[in-house]
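This report looks at the inside of one protein chain.

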Amino acid sequence: MRRRSKPASRKAQISHAISTRDLTALKQLARTKGGLETTRLRRQAWPLLLNFRSLTDSAHNRSAQHHEESQVSLDIPRINIPQSPEFLRTKQADSRRQRQLTHVVCSVLRSYPWLSYYQGFHELSLVFLLVFGSERPAAEAVRMVALFFVRDAMASNLDHVLQQLQLLYVLLKAISPQVHAILADLDVPPFFAISWVLTWFSHDLSSFADICRIYDFLLVSPPLQVVYMAAVMIKQREGDILALERDFASLHTALIKLPAQVNAWQPIIDDSGYLLSEYPPTKLQLMGNCRLPKLSAVNTFEQSWKRLDPARPLQFPSLVPVKDRHPLATASSKSTTADDNRMAQVIELTSTAQKARDLAVQYRWPLVVATAASVTMLMYAWLLMNQFQQLYP
């Protein structure tokens, strides 16, 4: 009598998909429970999923310094390393990682000078450096993510990211109308979700395992998938949100802290995948009367990604026409320096408002004092945002 062979373990399935270059199976494993499981397997799988060596741009070898490298050098020393037993945490090791991360970020910016650095891009890049352990593959991964996934955030300002965040509210109106109504009534702008979108939640999480699980999924998903994840996460905490005081600062602070309170990301991953199939990006833009630009990464991803093939490398401009400037740049673009400063103020103020409330709890200040301070800062941020939206209606 024949014995039934045991089903292959998940790790064996991942290894087999990698060795046979079965991208369909590998993508399915990245979506389903457990993801790609280990750093060793991700180190082999992510290059396949990200189409390494599929671009041959001559610009890739440029070495001229990017004009925003000074900001990179200010941000990287402040970065937090996620928690994992895999990482040696010594002063020397941290210093080495900072040097490597600087090289990764700057090499991508120098390769494509029309990309603008944003605060949070270094945190996104750090995850790839930690997985690959060396600069060259990490830089290649970051390059592909910058060009095809977070390209809209790397325009000269963040107004296209804010457009994407408006689509978060369109989703909430469809799946959680009560939460949407509260946010609308209190005029809460979607600033609480900026770091979620810009860093793929890595800014808001301390567990390296959770961060990698999310990256597994987002690397095999369209660029807007992170917004669908945000909507599902809010929907899952709907009861807690509805139980909060109808207070601008309290609601905003509670929303910012949502990612750190998630116990299991797989249900969010599963539900967000279903949500995207129900409300694909094109439909979502129509529902919200919020059309993203034609050359937005959201709108070009499907066609451009299909054309990538490491066996037949091509240049990025053949996928998204660009002549040394960002695809979203326009000939009649307005001066953006003041608007960039205003956006930076908004992000800083919302972050400070959260810190004020945290300090109140820590030092037992009267809650009314903390609330008054955070509300004042958030209202100022709201006024700045209104000015920003008047410039970019």
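A residue is called buried when its relative accessible area is under 20%. The model discussed here is predicted. In this model Ser54 has a relative accessible area of 0%, so Ser54 counts as buried.

Ser54 is found in the loop between α3 (39–49) and α4 (69–75). Leaving out residues up to four places away in sequence, Ser54 touches Met144, Leu308, Asp309, Pro310, Pro313 and Leu314. Ser54 and Arg307 are 253 residues apart along the chain, but their C-alpha atoms are separated by 9.2 Å.

In soluble globular proteins, nonpolar side chains tend to be buried together. Here the largest nonpolar core holds 122 residues, and Phe121, Phe128 and Phe148 touch the most other members. Helix α8 (residues 159–175) gives the most to this core, namely 10 residues. Which residues does Phe128 touch, not counting those up to four places away in sequence? They are Trp46, Leu50, Gly133, Ala138, Ala141, Val142, Val145, Tyr215 and Leu219.

Aromatic rings also meet one another in this chain. A pair of aromatic rings is described by the distance of the centres and the angle of the planes. The count comes to 20 aromatic pairs. The table gives two of them.

| Pair | Centre to centre | Angle between the planes | Type |
|---|---|---|---|
| Tyr117 and Phe121 | 6.4 Å | 85° | edge-to-face |
| Phe148 and Trp305 | 5.2 Å | 75° | edge-to-face |

The pair of Phe148 and Trp305 links distant parts of the chain. Phe148 lies in helix α7 (residues 135–148) and Trp305 in helix α17 (residues 297–306), 157 residues apart. Both Phe148 and Trp305 are buried. Tyr117 and Phe121 are buried as well.

The last topic is empty space. Rolling a probe the size of a water molecule over the atoms shows where empty space is left. How many cavities of 30 Å³ or more does a search of the whole structure find? The search finds 2. The largest cavity has a volume of about 100 Å³. It is lined by 13 residues, and the closest to its centre are Phe149, Val150, Gln164, Val197 and Pro223. In the lining of the largest cavity, 10 residues are nonpolar, 1 is polar and 2 are charged. Helices α8 and α10 (194–199) each supply at least two residues of this lining.

Technical notes. Residues numbered from 1 in each chain as written. Predicted model: local features only at pLDDT ≥ 70, side-chain atom pairs only at ≥ 80, totals over all residues. Heavy atoms only, no water. Phe/Tyr/Trp six-rings, centres within 6.5 Å; stacked < 30°, edge-to-face > 60°. Buried < 20%, exposed > 50% of the residue type's maximum accessible area, 1.4 Å probe, protein only. Helix = DSSP H or I, 4+ residues; strand = E, 2+ residues; numbered from the N terminus. Core = buried A, V, L, I, M, F, W, Y, C linked by side-chain atoms within 4.5 Å. Contact = heavy atoms within 4.5 Å. 1 Å grid on protein atoms, 1.4 Å probe; cavity = no way out; pocket = protein on both sides within 12 Å on 5 of 7 lines; lining within 4 Å. Points joined across faces, edges and corners; volume = space filled by probe spheres on them. Nonpolar A, V, L, I, M, F, W, Y, C, P; charged D, E, K, R; others polar.
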